[in-house]
Amino acid sequence: MAQHQPIRKATPASGSDIPDKLYFRIGEVAKLCDVPAYVLRFWESEFPQLKPHKGGTGQRLYRRRDVEMALRIKSLLYNEGYTIPGARQVFKAELKQKEPQLALIDNGPPNIDTRPLRKLQKDLRDLHALLSKPTVRAAVHPIRTPRNQSTPRHTAEKLFDLPPLPENNKR
């Protein structure tokens with residue numbers, strides 16, 4: 001009789017076997033995860049966390065975090081026996097566990113005096129309001145001083161005013 005082999009292969013759950021590269025093609029990720037490329041494409045449609053960048057030619061380019069996510073998905077589905085909806089629930093639960101930590105960071109420790117920060121915030125809002133107002137342009141200053149309207153420099157009458165001709169030159 002032939003010896004029985006386990007149905008599921010043990011896969012490395014850690015990212016230590018991932019080469020140190022910036023981008024991986026789908027074939028490389030498929031080899032690292034030991035799944036066909038079409039499975040990775042299917043996982044992309046099922047798990048929003050797995051979003052490889054598509055280059056100019058449309059080829060999928062996975063980053064290290066994408067490869068780690070693919071290995072995590074494979075571990076949940078193949079090793080731990082989760083269904084796809086169950087694996088999605090695991091990711092949602094992990095995300096909810098991280099959210100309270102972020103809230104503590106945003107509020108800060110309770111013993112810090114926040115008055116200076118609130119004053120700074122108010123000053124910044126005032127400055128923003130001041131800078132957001134439309135600017136009123138000053139009148140354009142002419143290069144020459146404006147002419148006095150009451151005394152024009154030259155008029156046609158003054159230019160062509162000639163002294164009267166003597167009477168003896170009349171014809």
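This is a predicted model: local features need pLDDT of at least 70, side-chain atom pairs count only at pLDDT 80 or more; totals for chains, interfaces and linings use all residues.
Angles of 65 to 115 degrees between two axes count as roughly perpendicular. Two packed helices are described by the angle between their axes and the distance between the axes. Helices α2 and α3 pack at an angle of about 95°, and their axes lie 11 Å apart. The two helices, α2 and α3, are therefore roughly perpendicular to each other. On the side of α2, the contact is made by V39, L40 and W43, while α3 contributes A70, I73, K74, L77 and Y78. By residue class, the contact of α2 with α3 comprises 7 nonpolar residues, no polar residues and 1 charged residue.

Aromatic rings were examined next. A pair of aromatic rings is described by the distance of the centres and the angle of the planes. The structure holds 2 aromatic pairs. One of them is formed by W43 and Y78, with 6.3 Å from centre to centre and 75° between the planes. Planes over 60 degrees apart count as edge-to-face, and the pair of W43 and Y78 is accordingly edge-to-face. This pair links distant parts of the chain, since W43 belongs to helix α2 (residues 37-46) and Y78 to helix α3 (residues 64-79), 35 residues apart. Both W43 and Y78 also take part in the contact of α2 with α3. W43 is buried, its relative accessible area being 2%, whereas Y78, at 32% relative accessibility, counts as partly exposed.

F47 and F91 form an aromatic pair that is likewise edge-to-face, with 5.9 Å from centre to centre and 85° between the planes. F47 is located in the loop between α2 and β2 (53-54) and F91 in helix α4 (residues 84-107), so the pair ties together parts that are 44 residues apart in sequence. F47 is buried, with a relative accessible area of 0%, and F91 is buried as well, with a value of 6%.

The strands of the model were then considered. An open sheet of 3 strands shows the order β1-β3-β2, and the pairing is antiparallel. Strands β1 (24-25) and β2 form the edges, each pairing on one side only. Between β2 and strand β3 (residues 60-62), antiparallel pairing extends over 2 bridges. R60 in β3 is the bridge partner of K54. Helix α3 packs on the sheet, where it touches β1 and β3, and the direction of α3 makes about 85° with that of β3.

Notes:
Residues are numbered from 1 along each chain as its sequence is written. Side-chain values use heavy atoms; hydrogens and water are left out. Rings of Phe, Tyr and Trp (its six-membered ring) pair if their centres lie within 6.5 Å; planes under 30 degrees apart count as stacked, over 60 as edge-to-face and the rest as tilted. Helices (H or I, at least four residues) and strands (E, at least two) are DSSP runs, numbered from the N terminus. Buried means under 20% relative accessible area, exposed over 50%, partly exposed in between (1.4 Å probe, protein chains only). Two strands pair if DSSP finds at least two bridges between them. Contact means heavy atoms within 4.5 Å. Axes are lines fitted to C-alpha atoms, for helices over the stretch in contact, and angles run from 0 to 180 degrees between N-to-C directions. Angles under 35 degrees count as roughly parallel, over 145 as roughly antiparallel, 65 to 115 as roughly perpendicular and the rest as oblique. Ala, Val, Leu, Ile, Met, Phe, Trp, Tyr, Cys and Pro count as nonpolar, Asp, Glu, Lys and Arg as charged, and the others, Gly among them, as polar.
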